[in-house]
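Keep the structure in view while reading.

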Amino acid sequence: MNFDLKDKTALVTGGSRGIGLEIARSLLNEGAKVILCSRKEQGLDTAAAILENPKNLTTIPVHIGKADDVDALFATIEEKFTHLDILINNVGMNLITPGIADLDPGLWQKIIDTNLSGTFLVSRKAALMMRTQGYGKIVSLSSIAGRKATPGMGIYGIAKAGIEMMTKVLAAELALFNVQVNALAPAMVKTEFSKDFWSNKELLDHVTSTIPMGRIAEIDDIVKPVLFLASDGSSYITGQTLVVDGGATAI
Ligand SMILES: NC(=O)c1ccc[n+]([C@@H]2O[C@H](COP(=O)([O-])OP(=O)(O)OC[C@H]3O[C@@H](n4cnc5c(N)ncnc54)[C@H](OP(=O)(O)O)[C@@H]3O)[C@@H](O)[C@H]2O)c1
């Protein structure tokens with residue numbers, strides 16, 4: 001599929017493995033210049049070694065929940081690239097948590113800091129650049145856990161619901177500046193992130209039984225819709241969350 005992203009500059013957060021890594025690969029294959037960030041330098045080095053077109057790739061270690069890290073990231077982007085066309089807010093982390101009544105506030109803060117505040121810190125800086133340049137695409141990874149209470153994943157779900165509302169708010173604020181802001185909500189995708197679930201046959205059978213298409217998503221099922229939302233094919237779509245779940249929430 002051709003999304004024609006030649007010479008676009010794209011930032012992918014959390015791109016050292018999983019969905020983010022494959023989004024980066026596809027962006028590079030479509031001709032974009034890609035900035036990839038995640039916390040661990042070693043993961044970024046491994047990603048750089050396996051991606052094609054490394055000359056169009058820049059890797060920067062960043063913790064998106066830390067404002068100083070995010071400021072330094074954008075200072076580098078402004079200096080080296082002068083503009084940013086595409087932001088893929090891909091970072092997400094989940095820890096199995098007790099219910100709200102039994103939850104330690106520190107654990108709440110940790111999950112909200114990375115998933116929601118981190119997405120805010122990065123989106124804010126990208127929005128400033130995109131508003132000035134009069135062009136931009138922001139695509140954030142949500143989850144169906146942000147739409148349906150999921151036992152053990154409640155705080156993650158609250159953070160993802162916040163990302164979906166942030167998507168609407170930013171879309172409204174940036175609409176007249178030719179910046180489109182959308183999100184994508186997958187159900188289970190076969191990555192390290194969800195391995196404890198899909199590697200357990202009993203759990204996998206249960207999850208699969210709730211999906212009309214009869215299988216969980218492969219990474220590629222997510223990457224193509226993300227690229228569509230990052231491309232000019234979606235230029236009249238903004239403030240939306242595309243649910244990519246094999247029909248799970250349709251029934
Ligand atoms: N897999 C699923 O079943 C599923 C389902 C629905 C939605 N999603 C969403 O899809 C997105 C990608 O998921 P995935 O399965 O590809 O996850 P993953 O395999 O766990 O990869 C997460 C990436 O984020 C980086 N990261 C984590 N915390 C970070 C932080 N604070 N700052 C910067 N980078 C950070 C990780 O690298 P470091 O550890 O080096 O930082 C890694 O590159 C997430 O938003 C997730 O919530 C996933």
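## Positive patch

The model is predicted. On its surface, Arg 17, Arg 39, Lys 40 and Lys 110 gather in a patch of positive charge. Lys 110 sits in helix 4 (residues 105-133). Lys 110 is partly exposed, at a relative accessible area of 48%.

## Helix 1

Helix 1 covers residues 18-29. Its twelve residues should span 16 Å at 1.5 Å a residue, and the end C-alpha atoms are 17 Å apart, which agrees. The helix is mostly covered, with nine of the twelve residues buried. Among them are Ile 19, Leu 21, Ile 23, Leu 27 and Leu 28. Just after helix 1, Gly 31 has a positive phi of about 100 degrees.

Glu 22 and Arg 25 form a salt bridge (2.8 Å, N to O). Both lie in helix 1, three residues apart, about one turn of the helix. Glu 22 is partly exposed at 23% relative accessibility, while Arg 25 is buried at 18%.

## Salt bridges across the sequence

The count of salt bridges is nine. One of them joins Lys 33 and Asp 7 (3.9 Å, N to O). Lys 33 lies in strand 2 (residues 33-38) and Asp 7 in the segment before strand 1 (9-13), so the pair ties together parts 26 residues apart in sequence. Lys 33 is partly exposed at 29%, and Asp 7 is partly exposed at 46%. A network of salt bridges links Lys 6, Asp 7 and Lys 33.

Asp 71 pairs with Lys 125 in a salt bridge, the closest N and O atoms being 3.8 Å apart. Asp 71 is in helix 3 (residues 67-80) and Lys 125 in helix 4, so this pair ties together parts 54 residues apart in sequence. Asp 71 is partly exposed at 33%. Lys 125 counts as buried at 19%, since the cut-off for buried is under 20%.

Technical notes. Residues numbered from 1 in each chain as written. Predicted model: local features only at pLDDT ≥ 70, side-chain atom pairs only at ≥ 80, totals over all residues. Heavy atoms only, no water. Patch = residues over 30% accessible without salt bridge, like charges linked within 9 Å, V, L, I, M, F, W, Y side chains within 5 Å. Areas by Shrake-Rupley, 256 points an atom, 1.4 Å probe, with all protein chains shown as cover. Salt bridge = Lys/Arg side-chain N within 4 Å of Asp/Glu carboxyl O. Lys, Arg positive; Asp, Glu negative; His and termini not counted. Charge placed at Lys NZ, Arg CZ, Asp CG, Glu CD. Helix = DSSP H or I, 4+ residues; strand = E, 2+ residues; numbered from the N terminus. Buried < 20%, exposed > 50% of the residue type's maximum accessible area, 1.4 Å probe, protein only. Expected span 1.5 Å × (residues − 1).
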